[in-house]
Amino acid sequence: MRIAPSILAADFGCFRAALEAIEGAVDIVHFDVMDGHFVPNLTFGPALIRALRPASKLVFDVHLMIERPETSLSSYIDAGADRVAIHHEATPHVHRALMMIREAGRQAGLAINPGTPVEAVFPLLDAVDYVLVMTVNPGFGGQSLIPATLKKVAALRRRLAEGGRRIPIMVDGGIDPTTIGPAKAAGADEFVAGTAVFGTGDPRAAIAALKEAAGR
Ligand code: DX5
Ligand code: ZN
């Protein structure tokens with residue numbers, strides 16, 4: 001299992017310090033890119049990823065909550081993203097966008113909103129390296145996990161097993177020590193956590209608590 005702290009919940013004035021605070025405790029950090037259109041909130045773009053890249057050895061996991069991601073994907077890749085997830089709902093050219101990520105040698109993730117049926121990802125499974133199942137509606141940190149989304153995680157895990165495919169299922173939103181166990185039991189193995197890590201005074205202890213709650 002893997003915890004991916006989201007810097008969305010960190011102090012926006014001190015992102016370098018946020019990366020230092022988790023370095024060694026995890027191997028990955030999650031960047032929530034929001035464009036003010038696909039989601040009502042606006043965060044940061046490739047310039048931030050580029051600026052932080054030399055400051056950290058962590059895997060940079062970039063979650064694009066932006067419309068028509070294929071038009072700006074390359075700037076996130078050039079900035080140093082190791083993994084890029086795009087939303088199924090954000091473009092009519094999902095497969096093309098996923099191929100662009102892979103052709104650049106990065107891992108391609110496909111994200112789905114709570115309102116999107118999990119079957120939407122089934123025809124694309126050969127084109128993805130991980131699936132990001134949103135467990136809240138994207139746009140803001142600090143929301144409560146929507147329990148029905150875990151049924152989609154379970155259905156996806158079953159489908160992958162039937163196809164003999166073992167790729168990560170990442171869950172994102174409302175993950176805390178009370179929800180990480182049920183999410184893991186449903187079949188998730190990567191857990192984005194913003195508030196539960198950076199909303200505490202001690203990110204390292206919070207990561208340890210999440211691992212403990214998940215049963216390691
Ligand atoms: C929501 C983002 C999440 C968010 C999770 O749009 O995609 O990554 O940061 O935050 P918490 O863990 O606070 O729900
Ligand atoms: Zn996210």
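Setting aside neighbours within four places in sequence, G173 is in contact with M134, T135, V136, Q143 and L145; two residues are in contact if their C-beta atoms, placed from the backbone, lie within 7 Å. This is a predicted model, in which local features need pLDDT of at least 70, side-chain atom pairs count only at pLDDT 80 or more, and totals for chains, interfaces and linings use all residues. Residues are numbered from 1 along each chain as its sequence is written, while chains are lettered from A and ligands numbered from 1 in the order in which they are written.

G173 sits in the loop between β7 and α6 (180–186). Helices (H or I, at least four residues) and strands (E, at least two) are DSSP runs, numbered from the N terminus. G173 is buried, because 26 other C-beta atoms lie within 10 Å. The cut-offs are 20 or more other C-beta atoms within 10 Å of a residue's own for buried, 12 or fewer for exposed, and partly exposed in between, with C-beta atoms placed from the backbone. G174 belongs to the loop between β7 and α6 as well. With 25 C-beta neighbours inside 10 Å, G174 also counts as buried. Not counting residues up to four places away in sequence, G174 touches T135, V136, Q143, S144, L145 and T179.

**Annotated positions**

UniProt, in an unreviewed entry, places a "binding site" feature at S6, H63, G139, F140, G141, G142, D172, G173, G174, G194 and T195. UniProt positions follow the numbering used here, feature names are shortened, and annotations may be inferred rather than shown by experiment. A further "binding site" annotation from the unreviewed UniProt entry covers H30, D32, H63 and D172. These residues are spread over 143 residues of sequence but cluster in space, with a largest C-alpha distance of 10.4 Å.

Which residues does UniProt list as "active site"? The unreviewed entry gives D32 and D172. They span 141 residues in sequence, yet no two of their C-alpha atoms are more than 10.4 Å apart, so they gather at one spot.

D32 lies in strand β2, and D172 in strand β7 (residues 169–172). Leaving aside neighbours within four places in sequence, D32 is in contact with S6, L8, T43, H63 and M65.

| Residue | Other C-beta atoms within 10 Å | State |
|---|---|---|
| D32 | 24 C-beta atoms | buried |
| D172 | 26 C-beta atoms | buried |

**The shell around ligand 1**

How many residues surround ligand 1? There are 21, and the closest are S6, P138, G141, G194 and T195; a residue is near a molecule or strand if its C-beta atom, placed from the backbone, lies within 6 Å of it. At least two residues of this shell come from each of β2 (28–34), β8 (190–193) and α7 (195–198). By residue class, the shell holds 8 nonpolar, 11 polar and 2 charged residues. Here Ala, Val, Leu, Ile, Met, Phe, Trp, Tyr, Cys and Pro count as nonpolar, Asp, Glu, Lys and Arg as charged, and the others, Gly among them, as polar.

Strand β3 (residues 59–65) has 6 of its 7 residues buried, so it is largely enclosed by the rest of the structure. β2 and β3 pair in the parallel sense over 7 bridges; two strands pair if DSSP finds at least two bridges between them. V33 has L64 in β3 as its bridge partner. From β2 the chain crosses through helix α2 (residues 46–52) to β3, a right-handed β-α-β crossover. Right-handed here means that, with the strands pointing away from the viewer, the path from the first strand over the helix to the second runs clockwise.

On to strand β4 (residues 83–87): β3 and β4 run parallel and are joined by 3 bridges. D61 stands opposite R83 in β4. The β-α-β crossover from β3 through helix α3 (residues 73–79) to β4 is right-handed.

**An exposed helix residue**

A17 is placed in helix α1 (residues 15–22). Is A17 buried or exposed? A17 counts as exposed, because it has 11 C-beta neighbours inside 10 Å. A17 and A55 are 38 residues apart along the chain, and their C-alpha atoms are separated by 9.8 Å.
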